[in-house]
Amino acid sequence: CIYRFLAGGNVESEYHEAEVVLSSALEKVRSAGFSHDVLRILWLRGIVQANQGRLSEALCTLREGMRLAELNGERYWFSRFPNTVGWLYGELADFDSALRLNTEGVRAGRESDFLEPEANSHINLANAYLELGDTSLAWEHLSEGERILEREHHVGWLRWRFKIRLDLEMARYWIARGDTVQGQARAEDAL
């Protein structure tokens, strides 16, 4: 249910079902002492809350997960939290926080040798820089995100989701630069 939801489902009943499953799972893994699973569930729960527009709850959930990951020295799941929180701050138009957290997300992804959060952080950084009107820095991050997505040695992640996000940000970049032909082409690639 949860992975189907993350793969693109957005029906309200799926959000509700995901929350029920995550709440039950969190209770069980906490009582069993499985900290790795607690972090995964908190990350998923934060995304579910954010996608329902419950940003304050999502930020609290994600900050809790980030704090626990730091306390436990857990790098794999920790690497996902900064860019996810940074994404939310970008949605709130708090670009200073979005830039800081997504920059931390790039570093955390590199330190954990986990390309997914690193690529996502670059795409989020490009989004923030485009919002701030800095197409030069946006291009740097778009190029780095694209370079990461083209690497083949990490195959166990949802590369297609990040490719769609990259194409959408590339379309925004080209439109911001006044090149509607390339903007339209990248938007069509995203479709």
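Biologist: Which residues does Asn 83 touch, not counting residues up to four places away in sequence?
Modeller: The model is a predicted one. Asn 83 is found in helix H6, and its relative accessible area is 3%, which makes it buried. Leaving out residues up to four places away in sequence, Asn 83 touches Leu 101, Asn 102, Gly 105, Pro 117, Asn 120, Ser 121 and Asn 124.

Biologist: Are H6 and H7 roughly parallel or roughly antiparallel to each other?
Modeller: The axes of H6 and H7 are 8 Å apart, and the two helices pack at an angle of about 160°. Angles over 145 degrees count as roughly antiparallel. The relation of H6 to H7 is therefore roughly antiparallel.

Biologist: How do the residues of the contact of H6 with H7 divide into nonpolar, polar and charged?
Modeller: From H6 come Pro 82, Asn 83, Val 85, Gly 86, Trp 87, Tyr 89 and Gly 90, and these meet Phe 95, Ser 97, Ala 98, Leu 101, Asn 102, Glu 104 and Gly 105 in H7. The residues of this contact divide into seven nonpolar, six polar and one charged.

Biologist: What is phi of Ala 93?
Modeller: Ala 93 is found in the loop between H6 and H7. Most residues other than glycine have a negative phi. Ala 93 is not a glycine, yet its phi is positive, at about 65°.

Biologist: How far does H7 reach from its first C-alpha to its last?
Modeller: H7 covers residues 95-112, which is 18 residues. At 1.5 Å a residue, 26 Å would be expected for H7, and its reach is close to that, at 25 Å.

Biologist: Which helices do the buried residues of H7 pack against?
Modeller: The buried residues of H7 include Phe 95, Leu 99, Leu 101, Val 106, Ala 108 and Ser 112. Glycines are also among them, namely Gly 105 and Gly 109. The buried residues of H7 pack against helices H4 (55-72), H5 (75-78), H6 (81-91) and H8 (115-131).

Biologist: Which residue follows H7, and what is its phi?
Modeller: The place of this residue is in the loop between H7 and H8. H7 is followed by Asp 113, with phi near 55°.

Biologist: Is Phe 114 buried or exposed?
Modeller: Phe 114 lies in the loop between H7 and H8. Beyond its neighbours within four places in sequence, Phe 114 is in contact with Tyr 76, Ser 79, Arg 80 and Gly 109. The cut-off for a buried residue is under 20% relative accessible area. At 11%, Phe 114 is therefore buried.

Biologist: What distance separates the C-alpha atoms of Phe 114 and Asp 37?
Modeller: Along the chain, Phe 114 and Asp 37 are 77 residues apart. The separation of their C-alpha atoms is 18 Å.

Biologist: How do the residues of the contact of H8 with H9 divide into nonpolar, polar and charged?
Modeller: The axes of H8 and H9 come within 8 Å and cross at roughly 160°, and the two helices are therefore roughly antiparallel to each other. H8 passes H9 in a left-handed crossing. The contact is made by residues including Leu 115, Glu 118, His 122 and Leu 125 of H8 and His 141, Leu 142, Glu 144 and Ile 148 of H9. The residues of the contact of H8 with H9 divide into 11 nonpolar, four polar and two charged.

Biologist: Which residues does Glu 144 touch, not counting residues up to four places away in sequence?
Modeller: Glu 144 has its place in helix H9. Its relative accessibility is 18%, so Glu 144 counts as buried. Not counting residues up to four places away in sequence, Glu 144 touches Arg 110, Glu 118 and His 122.

Biologist: How do the residues of the contact of H9 with H10 divide into nonpolar, polar and charged?
Modeller: The axes of H9 (residues 135-150) and H10 (residues 159-176) come within 10 Å and cross at roughly 155°. H9 and H10 are therefore roughly antiparallel to each other. In the contact, residues of H9 including Trp 139, Leu 142 and Glu 146 meet residues of H10, among them Phe 162, Lys 163 and Trp 174. The residues of the contact of H9 with H10 divide into 10 nonpolar, one polar and five charged.

Conventions
Residues numbered from 1 in each chain as written. Predicted model: local features only at pLDDT ≥ 70, side-chain atom pairs only at ≥ 80, totals over all residues. Heavy atoms only, no water. Helix = DSSP H or I, 4+ residues; strand = E, 2+ residues; numbered from the N terminus. Expected span 1.5 Å × (residues − 1). Buried < 20%, exposed > 50% of the residue type's maximum accessible area, 1.4 Å probe, protein only. Contact = heavy atoms within 4.5 Å. Axes fitted to C-alpha atoms, helices over the stretch in contact; angles between N-to-C directions. Parallel < 35°, antiparallel > 145°, perpendicular 65-115°, else oblique. Nonpolar A, V, L, I, M, F, W, Y, C, P; charged D, E, K, R; others polar. Left-handed = near helix turned anticlockwise from the far one by under 90°.
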